[in-house]
Each structure stands twice: as C-alpha cells, then as structure tokens.
Amino acid sequence: RTPRMTSENTKIITSVMMKINSQGEVIGTSSTKYMGNAELSARYRYADYVTVTEENLVKNHFEAFRETGVGKFKPTDAYNLNKPFELSSEFKIDPLANFPGKGAIAVPVGLSSGDLMVMAHNKPKDKLNYPYVCQSGYIEENYKIEFPNNVKVTDIPKNVDYSVAGAQYVATYKQDGNVVNVIRKARFERPSMVCKPSDLERWKD
C-alpha cells in the first residue's frame, strides 16, 4: 500500500544566496533538495533537460515571477535513482528598483524554486461542488540577500506566524548591516489527498 503524503515525507528545501551590485543587478545561486512525491515531480520535470529546452525553461521561469535576466539550471541526473535528485542554479536578474535611490523590492526569486511565491499567486476557487485533490508537504526557503555599500537598508518586513487547520506558515526576517536573511516555512498536513468542498473555506482568510 502506498504511504500517504505527509509533511515529513514530502519536502522541498531551498537555499538562495544573492548579492545586489551598485547598479541594482541581482547575482545569485540556489540549491534545492527534494523528498518524496516532490522529488518524483522534479525528476519528471528535468528528466530531459538539455540545451535545447534550457533557454525556454529559464525564460518561462523568470516570466512566472515577473523578472527578467539570464541564468542556468544545473540538475543532477534525474535517471540515477541511487542518488537523491537536487537542482542548483546560477542567475543574474535585471534591476528590480532604482539604485541607489529610494525604493523597495520583494524578495527576488531568480532561478530558485519559488514554490511559496507560486502559492501566493494562486487564488482559491470561489466554490466547488465536488471533492478535489489536495496534498500534504513541507516547503522551506532560505534567502541571504546582500545589498551594495551605496545602499542603506532602512526597513524589513515583520515576522509572520500564521496557522489554520491543516496549514502553518512562518516567515522570519533578520538584518545584519546590509545583509538581510529571510526564512520562510510552510507546512500542510491533510488526512488524505482528497479534500471536501468545505475544506476550501479555510483558504479564504
């Protein structure tokens, strides 16, 4: 019998290092590790990753997060089942705000996984009259953003700790001089992969 998905056996954990230069360009690298069903999905997505498809994948990824830039994905061998699948990337994002003038930016995604940002862009349907597929899992994203010396960081977002039946989201923001560290965690625990229409109401807060 196939074990049900839980937040302990289905995980996506990403680390992102970014440095913003004096012109506002964001140069970064990322590394993502997968576990359980999340790993199977990632293997499938990058199983035939070759130079021919690389340009489209990179372009579409930037567009999905309203960014522009250049970069490269570096997946491990999706067909080697003896080793965990991991995905790394390197990228450069075009300026997201005026530098060094006054401004504000969201945490850049670049070519990192961006799974939590994808969820933030999704709006639950107003109404469902039938059961729907839902999943358990854990997503963690760690960002280190270094701003240039000609920029003064004056404000960072407040920490967040939000829980609702079956879900928890925690975000922490810490500043050390011109370096901002961000940790975001989301945990979803469902009794099964089939949710009732009434469960949808929990996502409308």
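The conversation below sets values beside the definitions they rest on.

Modeller: This is a predicted model, in which local features need pLDDT of at least 70, side-chain atom pairs count only at pLDDT 80 or more, and totals for chains, interfaces and linings use all residues. Residues are numbered from 1 along each chain as its sequence is written, and side-chain values use heavy atoms, with hydrogens and water left out.

Biologist: How do you know what confidence the predictor has in the protein chain?

Modeller: The predictor's confidence in each residue is given as pLDDT, from 0 to 100. The protein chain averages 88, and 92% of its residues score at least 70.

Biologist: What makes a stretch of the protein chain a helix or a strand?

Modeller: Both are DSSP runs, numbered from the N terminus: a helix is a run of H or I of at least four residues, a strand a run of E of at least two. The protein chain has three helices and ten strands by that count. Their order along the sequence is β-β-α-α-β-β-α-β-β-β-β-β-β.

Biologist: Why is the protein chain called as compact as a globular protein of its length?

Modeller: The radius of gyration is taken over C-alpha atoms, and the globule rule is 2.2 Å times the number of residues to the power 0.38. For 205 residues the rule gives 17 Å; the protein chain has 19 Å, which is close to that value, so it is called as compact as a globular protein of that length. Its C-alpha atoms fill a box of roughly 55 × 40 × 30 Å along the principal axes.

Biologist: What makes β1 and β2 paired strands?

Modeller: Two strands pair if DSSP finds at least two bridges between them. Strand β1 (residues 11–20) and β2 are joined by ten bridges and run antiparallel, so by the definition they pair. Lys11 stands opposite Met35 in β2. The two strands form a hairpin with five residues between them, and Gly24 in the turn has a positive phi of about 95°. β2 also pairs with strand β4 (residues 86–93), again in the antiparallel sense, over eight bridges; there Ile27 stands opposite Lys92.

Biologist: Why is the contact between Lys59 and Glu63 called a salt bridge?

Modeller: The term requires a side-chain nitrogen of Lys or Arg within 4 Å of a carboxyl oxygen of Asp or Glu. The N to O distance for Lys59 and Glu63 is 2.8 Å, so the pair meets the definition. The two residues are four apart in helix α2 (residues 51–64), which separates them by about one helical turn. Lys59, at 45% relative accessibility, counts as partly exposed, as does Glu63 at 46%.

Biologist: How many salt bridges does this rule give?

Modeller: The count comes to five. One of them links Lys11 and Glu8, with the closest N and O atoms 3.7 Å apart. Glu90 and Lys74 meet in another, at 3.4 Å. Glu90 lies in strand β4 and Lys74 in strand β3 (residues 69–75), so this pair ties together parts that are 16 residues apart in sequence.

Conventions:
Buried means under 20% relative accessible area, exposed over 50%, partly exposed in between (1.4 Å probe, protein chains only).
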